[in-house]
Amino acid sequence: MTNDNAWDYLQPEPFYVKSVVPIRQISAQERRRRLETAKYNLFNLASDDVFIDLLTDSGTGAMSHNQWAALMRGDEAYAGSLSFRRLRNSIEEIFGFEHVLPTHQGRSAELVLMTHFLKPGDHVPNNIHFDTTAAHVQYQQAIDVNLVHDRIYDLQSDHPFKGNMDTAKLESYLREHGDKIPLVCMTLTCNSGGGQPASLENVRRVGEICRQFEKPFLIDSARVIENAWFIQQREQGFSNWSIGAILREIMAQADGMWMSAKKDGLVNMGGFIAVRSHELYEQLRMYEILFDGFSTYGGMSGRDMDALAQGLQECCSPDYLAYRTGQVAHLSVLLREAGISVTWPPGGHAVYVDAAQFCPHLPREQFPAQALSLALYLEGGVRSVEIGSVLRGRDAVTKQDRFEGLDLVRLAIPHRTYSYTQLEFVANTLIRMKADHESIRGVRFVKETPVLRHFTSEFELI
Ligand code: F0G
């Protein structure tokens with residue numbers, strides 16, 4: 001698992017290509033021109049400005065022929081759609097929850113859940129809240145609390161489950177603020193912590209603590225199937241368990257889950273909430289109908305629910321998961337072998353490059369991760385995303401930039417989309433850049449937007 005030979009991770013694609021989309025690299029001069037027009041913000045580029053797009057794995061992957069076939073079965077009935085029945089059955093079979101509410105994506109599930117559970121002044125613990133979850137907690141004037149174990153911030157620690165909740169911190173937090181905590185969440189895998197998994201032992205312990213303190217426990221399951229794979233591969237005692245058995249055991253600890261299906265659902269759009277209690281389902285359903293649509297479609301078309309029912313099943317295939325995590329590991333090891341610091345051990349969906357280590361000549365005030373992501377586009381037409389102080393924004397009270405924490409460049413790998421050769425091209429580009437890293441220029445804001453500034457701000461090179 002912490003092997004350093006990139007070839008050991010080579011897991012051939014368990015599919016062949018049936019339909020292709022041509023892509024092309026525009027010239028370096030043209031990339032420079034387009035980046036200038038985009039005001040040095042990669043979110044402003046069009047997809048045909050980009051050669052290899054590693055901005056996100058969310059909704060950017062390829063569907064299988066069986067999913068495309070499933071689309072044709074779509075039942076678009078407003079109420080009681082048969083596609084909904086197939087989706088519900090697929091979710092119950094895999095995760096064990098009987099009551100399902102489709103939503104148009106992950107954050108609409110968060111809107112429904114947080115509206116139901118929270119009131120102003122509440123606190124919501126998580127290992128690390130994803131940005132949209134944190135934003136939805138704050139939108140209810142509540143406080144998002146991250147209680148992940150500190151080792152996640154140590155890039156070089158070899159711990160196999162760096163997404164674990166610090167259960168001692170969770171217990172003492174519950175003891176201190178219990179009356180203000182209406183629910184506890186866990187994000188599996190932990191996207192904002194490098195796609196790192198949590199162990200089943202840890203999830204079981206969190207479940208126990210939540211039962212002891214009588215708090216509902218919900219799992220943000222965007223990449224929980226990848227998490228189950230890591231449990232099977234890395235945790236003692238689970239190598240003989242099927243992915244399905246591990247998933248049901250994870251969910252047996254919780255009262256419910258929500259999922260952005262754009263990740264492990266292997267679809268381009270969609271999401272859902274699934275819960276055990278009929279009473280909770282009835283309560284959530286009111287908000288679902290208000291925000292997203294009637295409870296048998298919730299913002300998804302029937303055909304999309306059929307594609308998702310199929311995609312969830314495909315994601316549980318060990319061949320698929322070996323290939324999926326193999327791609328991430330292969331790219332991680334190629335970079336690490338070349339002396340580039342990346343999150344370690346390899347996580348589930350992305351490689352995160354440590355920009356401070358890559359660009360030691362850039363002070364944090366010049367946003368090294370933003371600078372490196374722009375340089376990677378200029379050098380190779382590769383789009384990545386800054387996960388650092390541009391994204392973290394300013395402190396709500398002091399208004400100072402939040403420079404504490406890591407400055408990372410995330411290379412997220414879309415599902416079943418790019419070949420190993422394309423990823424090796426990305427590795428090769430970064431390795432070439434490392435040799436000449438002093439030519440990478442820092443950035444400064446030209447226009448800084450007040451909310452979620454990474455999406456819409458404008459920059460210039462220093
Ligand atoms: N939870 C996690 C762990 C996520 O990674 C995301 C989205 C969401 C919730 C929200 O879901 O986008 O369907 O509304 N992550 C994407 C990313 C955007 O690029 O990592 P959504």
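**Notes on the ligand site, helix packing and backbone**

1. A polar side-chain atom of N191 sits 2.9 Å from an oxygen atom of the ligand, a polar contact in the sense of a pair of N or O atoms within 3.5 Å. S260 also brings a polar side-chain atom to a ligand oxygen, here at 2.7 Å. For T56, an N or O atom of the side chain is 2.7 Å from an oxygen atom of the ligand. On its own the ligand has 470 Å² of accessible area, and the protein covers 93% of that (Shrake-Rupley method, 1.4 Å probe).

2. Before you go further, please keep in mind that this is a predicted model, in which local features need pLDDT of at least 70 and side-chain atom pairs pLDDT 80 or more, while totals for chains, interfaces and linings use all residues. Numbering starts from 1 along each chain as its sequence is written, and side-chain values use heavy atoms, with hydrogens and water left out.

3. The chain has 17 helices and 14 strands, taken as DSSP runs of H or I over at least four residues and of E over at least two, numbered from the N terminus. Its radius of gyration is 21 Å, close to the 23 Å of the globule rule for 462 residues, so the chain is as compact as a globular protein of that length (C-alpha atoms; 2.2 Å times the number of residues to the power 0.38). The C-alpha trace spans about 60 × 55 × 45 Å along its principal axes.

4. Helix 1 (residues 28-37) packs on helix 14 (residues 368-380) with axes 8 Å apart and an angle of about 145° (lines fitted to C-alpha atoms over the stretch in contact, angles from 0 to 180 degrees between N-to-C directions). R31, R32, R34 and L35 of helix 1 meet L374, Y377, L378, E379 and G380 of helix 14, with contact meaning heavy atoms within 4.5 Å. This contact has four nonpolar, one polar and four charged residues.

5. Some backbone spots to look at. L188 and T189 are joined by a cis peptide bond, omega about -15°, and T189 is in the loop between strand 5 (184-187) and helix 7 (200-212). The bond from W344 to P345 is cis too, with omega near -5°. Y40, not a glycine, has a positive phi of about 55°, in the loop between helix 1 and strand 1 (52-53). Most residues other than glycine have a negative phi, and most peptide bonds are trans.

Technical notes. Polar contact = N/O pair within 3.5 Å; in protein donor to acceptor, adjacent residues only side chain to side chain. Nonpolar A, V, L, I, M, F, W, Y, C, P; charged D, E, K, R; others polar.
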